[in-house]
Amino acid sequence: MKPISLTRFLIEEQRELGRINSDLRLLIEVVSRACKAISIAVGKGALGGVLGSAHSENIQGEVQKKLDVLSNEILLEANEWGGHLAAIASEEMEHPHAIPHRYPKGEYLLLFDPLDGSSNIDVNISVGTIFSVLRCPDGVKEPTEADFLQPGTRQLAAGYAVYGPSTILVLTTGSGVHSFTLDREVGSFVLTERNLRIPVETQEFAINMSNIRHWEPPMKRYIEELLAGKTGPRGKNFNMRWVASMVADVHRIMTRGGIFIYPRDLKQPLTPGKLRLMYEANPMAFIVEQAGGAASTGEQRMLEVQPTSLHQRVPVFMGSKAEVERVSAYHREQQ
Ligand code: P6P
């Protein structure tokens, strides 16, 4: 079968489904081109002079890697001239980035984590880019942080690129999830799988077990049952994976099922979790739900959380539906 490029796929989505218009198609294509550039920079490793610390801190108080800063710049520069965006928000920037007055503005808000899992860069483990698209509220010419604070159900598109042995772009515009592999010789993303589906049941979980002493009782109960295996209450054995790169862990789950968990832990009782709602949990939740999975904070559906701040953190449970529903039920029982 003749390979279908991302461009052709999006044009056909626009023509046949009418779910996307030319501006949203342009947005997705521009973001995919930026992910190509990031993939090249990541792939150079030590030869690109981009490993190690940038000797600066981001809004999260995290030391930025050179590639964090570079990836953020690549995405900003790729997107600000196109006329499709009203503003941009990034994990790496405290406030939304306004579109310079010399460029036209569009109707979309773009949010991204430009390089998630960047602590893995220096040890050559897969990292990724996560992005989310919202509509700018009508009549708003200069979007502020408040205009971004929309629940995940309002997302028009979401995707991630995982920079692994191959670079794969996984995308939803609300009609299923599709994956595209970067053909490095041609320099374009080619459709490699339509309608990814996450198995409802699984025997694989992803969590950082070193935090077990900080977990709340329902979390401990759920994991201890998995560890008890065949002779325990679950009656089957479970396997564990933890890449410590959300994009890599979630991509494995998109490919073969599983549950990804980053719970609230009492290590930092004042923060509800480690992962950020707007540009990590929500885009991934949209993708996971579109593939038949589920995504929850343990108390409510992730996509229904009403955001209160751009960089807020949430507990994250996402993946195979039966497991997310079970662990969420344990949390609700404790309330
Ligand atoms: P820990 C990477 O820093 C990240 O934000 C996610 O990509 C990943 O799932 C998580 O943090 C890893 O956290 O505490 O296991 O290092």
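Analyst: The answers below cover the ligand site and then the strands.
Analyst: This is a predicted model, in which local features need pLDDT of at least 70 and side-chain atom pairs count only at pLDDT 80 or more, while totals for chains, interfaces and linings use all residues. Residues are numbered from 1 along each chain as its sequence is written, and side-chain values use heavy atoms, with hydrogens and water left out.

User: Which residues are around the ligand?
Analyst: The residues around the ligand are Asp116, Gly117, Asn208, Trp242, Ala244, Ser245, Met246, Phe260, Tyr262, Lys274, Leu275 and Glu280 (a heavy atom within 4 Å of the ligand). This shell divides into 6 nonpolar, 3 polar and 3 charged residues, where Ala, Val, Leu, Ile, Met, Phe, Trp, Tyr, Cys and Pro count as nonpolar, Asp, Glu, Lys and Arg as charged, and the others, Gly among them, as polar.

User: How far is the side chain of Tyr262 from an oxygen atom of the ligand?
Analyst: An N or O atom in the Tyr262 side chain is 2.6 Å from a ligand oxygen atom. For Asn208, a side-chain N or O atom is 2.8 Å from an oxygen atom of the ligand, and for Trp242 a polar side-chain atom lies 3.0 Å from one. A polar contact here is a pair of N or O atoms within 3.5 Å.

User: And how much of the ligand does the protein bury?
Analyst: The protein buries 83% of the 400 Å² that the ligand exposes when taken alone (Shrake-Rupley method, 1.4 Å probe).

User: Moving on, what is the strand order in the sheet of 5 strands?
Analyst: The order in this open sheet is S12-S11-S13-S17-S15, with mixed pairing. Strands are DSSP runs (E, at least two residues), numbered from the N terminus, and two strands pair if DSSP finds at least two bridges between them.

User: Why is one side of S12 left without a neighbour?
Analyst: S12 (239-240) and S15 (294-296) stand at the edges with a single partner strand each, so one side of each has no neighbour in the sheet. S15 is joined to S17 (residues 316-319) by 3 bridges, and the two run antiparallel. Ser296 has Phe317 in S17 as its bridge partner.

User: What about the sheet of 8 strands, which are its edge strands?
Analyst: That open sheet has the order S4-S3-S5-S6-S7-S8-S9-S10, with mixed pairing. Its edge strands are S4 (97-98) and S10 (188-193), each pairing on one side only. Within it, 7 bridges join S5 (residues 108-116) to S6 (residues 127-135) in an antiparallel run.

Terms used. Polar contact = N/O pair within 3.5 Å; in protein donor to acceptor, adjacent residues only side chain to side chain. Helix = DSSP H or I, 4+ residues; strand = E, 2+ residues; numbered from the N terminus.
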